[in-house]
Amino acid sequence: MEDSFDAQGSSVTICQPIKLMMAEDDNGRQLADTVLDNLKYQHDWTELEVLTHSTTDSRPFIRPMISGLPPRRLYVHPDDQIAMVKSSAIPDAKILDTPEIELVLPTHITEKWTLSKFAAIFDSLPAQLSTQPDRPKRIVLATIHGDSTIVYYLLHDGLVKPRQN
């Protein structure tokens, strides 16, 4: 903390950690805006919005997240793949290709992430954004490189069995 004086000569305490936290919030919002533009204009996502607070209980997220609808389904769970293969033999069977709302975590390549930080992100997510009664089991991790390249990864909460070949 630093003490300084305002125009009237009164002592004012400035807290450096708050300034740093505000700078991180601004940076998180800039990352989210960059990723949102990329998803909208390069990858044809719709229904995009930047989320800063939980939609169920108004708790603030650790950092801004993006909610959006991709043009096609991004991931099919291995159990669902088996069901799709079995149902493909049946005429007029419904195949799981309908896109679903995805959550995107914007990050920068220089950030240091740990498993506990990722766990905190998953813990902060509301259950209602997911089609499941629990919180989402995966998010899309968007990593921005210094040259503005954005790479997308699926990040799962916990262990996921490998796909069937």
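The model is predicted: local features need pLDDT of at least 70, side-chain atom pairs count only at pLDDT 80 or more, and totals for chains, interfaces and linings use all residues. Residues are numbered from 1 along each chain as its sequence is written, and side-chain values use heavy atoms, with hydrogens and water left out.

Helices (H or I, at least four residues) and strands (E, at least two) are DSSP runs, numbered from the N terminus. Two strands pair if DSSP finds at least two bridges between them. Five strands form an open sheet with mixed pairing, in the order β3-β4-β5-β6-β7. The edges are held by β3 (46-53) and β7; each has a single partner strand, so one side of each lacks a neighbour in the sheet. On average, neighbouring strands of this sheet are turned by 30° against each other, direction ignored. Axes are lines fitted to C-alpha atoms, for helices over the stretch in contact, and angles run from 0 to 180 degrees between N-to-C directions. Helix α3 lies across β4, β5, β6 and β7 and runs at about 70° to β4. Contact here means heavy atoms within 4.5 Å.

Strand β6 covers residues 138-144, and seven of its seven residues are buried. Buried means under 20% relative accessible area, exposed over 50%, and partly exposed in between (1.4 Å probe, protein chains only). In a regular strand the side chains alternate between the two faces of the sheet. Arg138, Val140, Ala142 and Ile144 point one way from β6, while Ile139, Leu141 and Thr143 point the other way. With β5, strand β6 pairs in the parallel sense over five bridges. Leucine 105 stands opposite leucine 141 in β6. With β7 (residues 150-156), β6 pairs in the antiparallel sense over seven bridges. Here alanine 142 stands opposite tyrosine 152, and arginine 138 has histidine 156 as its bridge partner. The hairpin of β6 and β7 has five residues between the strands, and serine 148 in this hairpin takes a positive phi near 75°.

Side chains of opposite charge can pair when their charged atoms come close. A salt bridge is a side-chain nitrogen of Lys or Arg within 4 Å of a carboxyl oxygen of Asp or Glu. The count comes to five salt bridges. Glutamate 100, in the loop between α2 (78-88) and β5 (102-108), is buried at 18% relative accessible area. The side chain of glutamate 100 meets that of arginine 73 in a salt bridge (3.6 Å, N to O). Arginine 73 lies in the loop between β4 and α2, so the pair ties together parts that are 27 residues apart in sequence. A network of salt bridges links Arg73, Glu100, Glu102 and Arg138.

Arginine 63 forms a salt bridge with glutamate 111, with the closest N and O atoms 2.6 Å apart. This pair links distant parts of the chain, 48 residues apart: arginine 63 is in β4 (residues 60-69), and glutamate 111 is in the loop between β5 and α3 (115-124). Arginine 63 is buried at 14% relative accessibility, whereas glutamate 111 is partly exposed at 25%.
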